[in-house]
Amino acid sequence: MAGVAPPLCTWLVAACLSAACDDGEKEKLRRHGGAGGMFGSSRRRPGARCRGGGGRARSGIPMAVALHPERGAVESKKSETKQRRVVVTGMGVVTPLGHDPDEFYNNLLQGVSGISEIETFDCSNYPTRIAGEIKSFSTDGWVAPKLAKRMDKFMLYLITAGKKALENGGITEEIMNELDKSRCGVLIGSAMGGMKVFSDAIEALRISYKKMNPFCVPFATTNMGSAILAMDLGWMGPNYSISTACATSNFCILNAANHIRRGETDVMLCGGSDAPIIPIGLGGFVACRALSQRNSDPAKASRPWDVDRDGFVMGEGAGVLLLEELEHAKQRGAEIYAEFLGGSFSCDAYHMTEPHPEGRGVILCIENALADGGVAKEDINYLRVNSTKSMTGHLLGAAGGIEAVAAVQAIRTGWVHPNINLDKPEKNVDVSILVGSQKERCDVKVALSNSFGFGGHNSSVLFAPFK
């Protein structure tokens with residue numbers, strides 16, 4: 001894409017694969033050029049092909065050892081200190097591919113594209129006129145009508161996905177009444193917040209402040225979605241949101257899990273939501289010259305790793321997990337979808353939008369995540385960067401949320417979804433380790449999901465089958 005800064009992804013795969021690949025594989029993938037390159041997307045390598053954990057692991061980039069000489073190899077396990085276990089018992093999504101976790105994942109498995117022409121507003125004068133836009137969405141039964149009329153879409157997506165996660169997790173009204181609500185919390189973030197509410201307020205102000213939505217300030221803040229959801233549920237535990245650009249969801253998931261691990265809560269709703277497909281959102285990314293202009297063929301526009309990519313495609317929606325302390329989940333007879341093993345954060349401390357050229361922050365993050373989860377790098381056989389984006393577009397702060405749902409679904413179903421539009425891979429991409437145009441069987445041992453965002457925010461989270 002002409003005029004765009006060097007892709008963020010030139011270092012990403014080498015860094016991520018220090019956890020699961022040998023040096024030869026990393027070199028082949030150093031210059032993959034994913035579709036979400038410039039914008040610190042929640043980069044998950046397009047559906048990495050399953051690899052067993054029996055082979056000899058290598059240390060990867062030498063710097064990875066130098067970063068933690070006192071800890072030794074990343075393979076070292078957790079201390080014997082007993083820690084509360086965290087499991088996934090519910091999932092909720094609002095996406096361009098459906099608003100049910102099974103419908104969403106089945107569409108991913110079938111390679112269905114959710115990219116289409118934008119219909120919400122007239123963008124005929126924009127060079128980009130396509131996105132992963134949600135065409136059909138109703139808040140009926142999920143959000144009070146009076147609030148639904150005034151809320152920003154990011155809040156509507158958030159509240160709906162959150163309540164769907166509760167429903168999916170079997171939290172009936174009876175069970176809800178029995179919960180200790182002082183030990184239940186909500187931590188669902190947003191990268192962009194209420195952009196539409198704020199933009200509308202500015203337009204109203206051009207006429208008079210009297211024309212402004214009286215809720216424009218609270219409904220524009222990123223925390224208010226979590227706050228309204230907690231009020232609706234009566235949950236009095238930790239309630240806040242984190243905004244770390246496209247790493248937002250993972251930051252929220254790990255922090256929520258840590259509240260449970262430390263014994264502060266028993267139940268947490270966590271994830272991310274964003275609704276950036278509005279004139280100011282589209283215009284801002286167009287101004288950065290970051291978006292695909294393949295308007296004549298929307299379904300082919302999002303092309304991670306492909307030579308003919310010309311930018312990323314915006315998406316919108318929300319992804320929420322219901323996390324629960326293991327014994328609490330067992331006591332109420334919950335179905336356990338997967339176990340959350342651990343995760344980590346780090347900062348590149350290098351540049352506002354570009355990553356460190358040697359991937360130091362990413363390596364640090366992945367190493368710390370493995371150590372936190374007590375996972376040896378050879379145990380990971382499902383490493384994901386960007387894989388859903390070929391079909392959903394990039395959901396910014398919600399990307400990690402729906403990708404966490406996809407990772408859990410891969411664990412549940414034993415299937416990993418394909419990468420579409422990978423017709424002419426970059427010459428340095430080893431296609432033998434990528435899932436092709438069809439879904440593939442995979443007995444997931446440990447799934448690693450990474451998200452990286454503007455500001456040098458790095459995050460990694462680990463999921464595994466519950467045993």
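In β12, Ser-459 is the bridge partner of Ser-451. The exercises below use a predicted model.

**Exercise 1.** Determine how β11 is joined to β12, and what lies between them.

*Solution.* Step 1: β12 covers residues 457-464, and seven bridges join this strand to β11. Step 2: the two strands run antiparallel. Step 3: β11 and β12 form a hairpin, with three residues between them. Step 4: in the turn, Gly-455 has a positive phi of about 95°.

**Exercise 2.** Find the sense in which β8 and β11 pair, and the bridge partner of Tyr-382.

*Solution.* Step 1: β8 (residues 382-384) pairs with β11 in the parallel sense, over three bridges. Step 2: the partner of Tyr-382 in β11 is Ala-447.

**Exercise 3.** Assign the residues of β11 to its two faces and state whether each face is covered.

*Solution.* Step 1: side chains in a regular strand alternate between the two faces of the sheet. Step 2: one side of β11 holds Ala-447, Ser-449, Ser-451 and Gly-453. Step 3: Leu-448, Asn-450 and Phe-452 are on the other. Step 4: buried means under 20% relative accessible area, and seven of the seven residues of β11 are buried. Both faces are therefore covered.

**Exercise 4.** Explain why α9 counts as largely enclosed, and list what its buried residues pack against.

*Solution.* Step 1: α9 spans residues 224-233, and eight of its 10 residues are buried, so the rest of the structure largely encloses this helix. Step 2: the buried residues include Met-224, Ile-228 and Leu-233. Step 3: the buried residues of α9 pack against α5, α6, α7, β4 and β5. Step 4: just after α9, Gly-234 takes a positive phi of about 75°.

Definitions and conventions:
Residues numbered from 1 in each chain as written. Predicted model: local features only at pLDDT ≥ 70, side-chain atom pairs only at ≥ 80, totals over all residues. Heavy atoms only, no water. Buried < 20%, exposed > 50% of the residue type's maximum accessible area, 1.4 Å probe, protein only. Helix = DSSP H or I, 4+ residues; strand = E, 2+ residues; numbered from the N terminus. Pairing = 2+ DSSP bridges. Contact = heavy atoms within 4.5 Å.
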